[in-house]
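Please keep the sequence and the 3D view open while reading.

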Amino acid sequence: MTQEMQFKTIVAQYCEVKPDEMNNDMRFREDLGFSSLDFMSFLGELEDTFDIELEEEDALKVLTVGEALELLERLQ
Amino acid sequence: MGILIRDILEDSVKKFADIKAVKWLKKKDILERSYSELMDNVIAIRKSLLAEGFKGKHISLIGTSSVEWIESYLAIITGNTVAVPLDAGLPAEDLIDLINRSDSEALFLSPKNISLLEGILAECPKLRKVWLLQEEEPDSLYEKTASLAGLKAASANSSTDADRPAPDDVATIIFTSGTTGKSKGVMLTQDNLAANVLSVDYTTEPGSILLSVLPIHHAFCLVMDWLKGFSLGTTICINDSLLHMVKNMGVFKPQVMLMVPMMIETIYKRLASVDSAIPKKAVADNVFGGNLKIIFTGGAHLDPYYIGEFAEYGVEVLEGYGMSECSPVISSNTPETHKAGSIGKPLPNAEIKFENGEILVKGSSVMKGYYQMPEETAETLKDGWLHTGDKGYMDEDGFLFINGRVKNLIILSNGENISPEEIENKLALDALVGEVIVTGEDNGLAARIYPDQDVVAAKGLDEEAIKTALQAFIDQYNKKQPTYRQITGLIIRKNPFIRSSTKKIKRQEALIDEPLPMA
């Protein structure tokens, strides 16, 4: 599985949208229906899965799937 | 005759001296403090507060959960001082307003929130002292500022301890959203808090592990995680961030936790996403750490569906009901007495009656009033009966149920009470916003905006340009707000809101006539 697909599979746990139907412009809260806590939990899973450490303040500025992917790539 | 939090704490220190009271993470290490060590620090801070002349004064705290925060809080409320815990996530101007409105003369501030210091010192004239919740001495450039470590050390020169407060003395002021758009300071006495701690029918072995994941400035967390936890001799573990809640369940392996419904909903998504071929016991061990037996929940409505689902993973979810004004628990399901869908039986110190369907509460945990708000106090407290703003009923077995709201507050599933007017006032500052109503939908807040037609015409804006401009304005607003006050839905209305004969917007109709589009 590519990293992007692995990432989208984690996203899909929290919403009704399937990984292959996601696009980078989708917003977590508005388009995917994440609650604020879903988003926090999702960020925690990213840390564990990809062995990265997120700065909470920066991570919470992320709005879209594409921005989260960019952040992930930047930290690796 | 009333009881003091100091009585409860001293009793616990006698009984559980060597048991760990608090555990927390520093990087990957687990640090800990026993009941006797905790008490030594509480007494040291209490003596120094007295020596510095703060007897009878109000002291604010800004920060997330930490051992330093809770020791300072306990020092304040076990002496003759009043603690004002504030939400560290609020914008600076709101925090400054609350420090001033609560007449706080001192502040304990987390080093994480140091960026607030300059503004607070400049705009809070009554503030005489700020202690940073840290071991190192602060930058000497800041006037009036010292470290908690310095405050504790100063107690070595002081032999006099603070007198015991009276049971009817105000111990703490907790701010809660008001329906008029201005938050209200709920005054809770020593007896209010102690009675709530002792009336909740739950006990566990000393040394049991409790993981605290809620915001510490909330009454539910402060009284039920911390004060109740200490009364039972539990070891309270601090969750360092909501990002790490599940990971920290694996680290600390709690037996009991308090959550708001939103947390239960989020964890359930993780449980449900696991391959159904994997045994539920293995999934539960992985997600909950292996020892979790009970989750107490409150602060918002929980869909009873989750109670059955969590039971399959060996975790009992017990729902309760309360509000800051009642210190906070009014009723709760317990391991022995529970009914799914209900909010449990009233506590033994809470008398309940109904007036036009509204739940009214009387008893030893009902607040003294709102700080310096006599009119709001008189509206809420009538002949000792607290008007909760919730509608409900009691079944033939004595279980309480909620089925609606009287007041205008939005209750999100994370337990936050949102005053729509407070946010509407801020959104209305944009010239393009003609009329606005904020509603709670899809587990978040939606702004319904009717654009100002004069501005639209003057700028020649089309539908797309209006949407872009309003979304940009909302993104800017969101950046300055804690997540629970952010707007996650935007509906641009084609028509003005429907108004009543008194020209007030009919909020309920706003939801129906132009509904939120499906996600």
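This is a predicted model: local features need pLDDT of at least 70, side-chain atom pairs count only at pLDDT 80 or more; totals for chains, interfaces and linings use all residues.

Strands of a sheet pair through backbone hydrogen bonds, and the pairing can be either parallel or antiparallel. The pair formed by β25(B) and strand β26 (residues 444-451) of chain B is antiparallel and extends over eight bridges, and in this region Glu441(B) stands opposite Gly444(B) of β26(B).

## A nine-stranded sheet

Chain B also has an open sheet of nine strands with mixed pairing, and its order is β2-β1-β11-β10-β12-β13-β14-β15-β16. Here the edges are β2 (29-34) and β16 (345-346) of chain B, and because each has a single partner strand, one side of each is left without a neighbour in the sheet.

Within this order, strand β1 (residues 20-26) of chain B pairs with strand β11 (residues 235-238) of chain B in the parallel sense, over two bridges, and the bridge partner of Lys23(B) in β11(B) is Cys237(B). Helix α10 (residues 261-272) of chain B lies across β12 (256-259), β13 (294-297) and β14 (316-322) of chain B, and its direction makes an angle of about 135 degrees with β13(B).

## A covered strand and a covered helix

Strand β5 (residues 104-109) of chain B is mostly covered, since six of its six residues are buried. With strand β3 (residues 58-62) of chain B, β5(B) runs parallel and is joined by five bridges, and Ile59(B) stands opposite Ala106(B) in β5(B). With strand β6 (residues 129-132) of chain B, β5(B) also runs parallel, here joined by four bridges, and Phe108(B) has Trp131(B) of β6(B) as its bridge partner.

Helix α7 (residues 190-199) of chain B is likewise mostly covered, with eight of its ten residues buried. Among these buried residues are Gln190(B), Asp191(B) and Asn192(B), together with Leu193(B) and Val197(B). The elements that cover the buried residues of α7(B) include the helices α1 (5-16) and α8 (219-232) as well as the strands β8 (170-176), β9 (184-189) and β15 (329-332) of chain B.

## Chain B as a whole

The secondary structure of chain B comes to 17 helices and 27 strands. The radius of gyration of chain B is 24 Å, close to the 24 Å that the globule rule gives for 519 residues, so chain B is as compact as a globular protein of that length. Its C-alpha atoms fill a box of roughly 70 × 60 × 50 Å along the principal axes, and buried residues make up 47% of the 519 residues. Of the contacts in chain B with a separation of 6 or more, 63% are between residues 24 or more positions apart.

Chain B is divided into domain 1 (33-165), domain 2 (197-411) and domain 3 (419-513). The centres of domain 2 and domain 3 of chain B, taken over C-alpha atoms, are separated by 33 Å, and their contact takes four residues from domain 2 and five residues from domain 3. On the side of domain 2 that touches domain 3, three residues are nonpolar, one is polar and none is charged.

## Where chains A and B meet

The contact between the chains takes 19 residues from chain A and 23 residues from chain B. On the side of chain A, helix α2 (residues 36-50) gives the most, with nine residues, and by class this side has six nonpolar, six polar and seven charged residues.

Two packed helices are described by the angle between their axes and the distance between the axes. For α2(A) and helix α9 (residues 245-252) of chain B, the angle is about 65 degrees and the axes are 8 Å apart. Ser41(A), Gly44(A) and Asp48(A) of α2(A) make this contact with Met245(B), Val246(B) and Lys247(B) of α9(B), which gives two nonpolar, two polar and two charged residues by class.

Terms used: Residues are numbered from 1 along each chain as its sequence is written. Chains are lettered from A and ligands numbered from 1 in the order in which they are written. Two residues are in contact if their C-beta atoms, placed from the backbone, lie within 7 Å. Ala, Val, Leu, Ile, Met, Phe, Trp, Tyr, Cys and Pro count as nonpolar, Asp, Glu, Lys and Arg as charged, and the others, Gly among them, as polar. Axes are lines fitted to C-alpha atoms, for helices over the stretch in contact, and angles run from 0 to 180 degrees between N-to-C directions. The radius of gyration is taken over C-alpha atoms; the globule rule is 2.2 Å times the number of residues to the power 0.38. A residue is buried if 20 or more other C-beta atoms lie within 10 Å of its own, exposed if 12 or fewer, and partly exposed in between; C-beta atoms are placed from the backbone. Two strands pair if DSSP finds at least two bridges between them. Domain bounds come from an automatic or database domain assignment.
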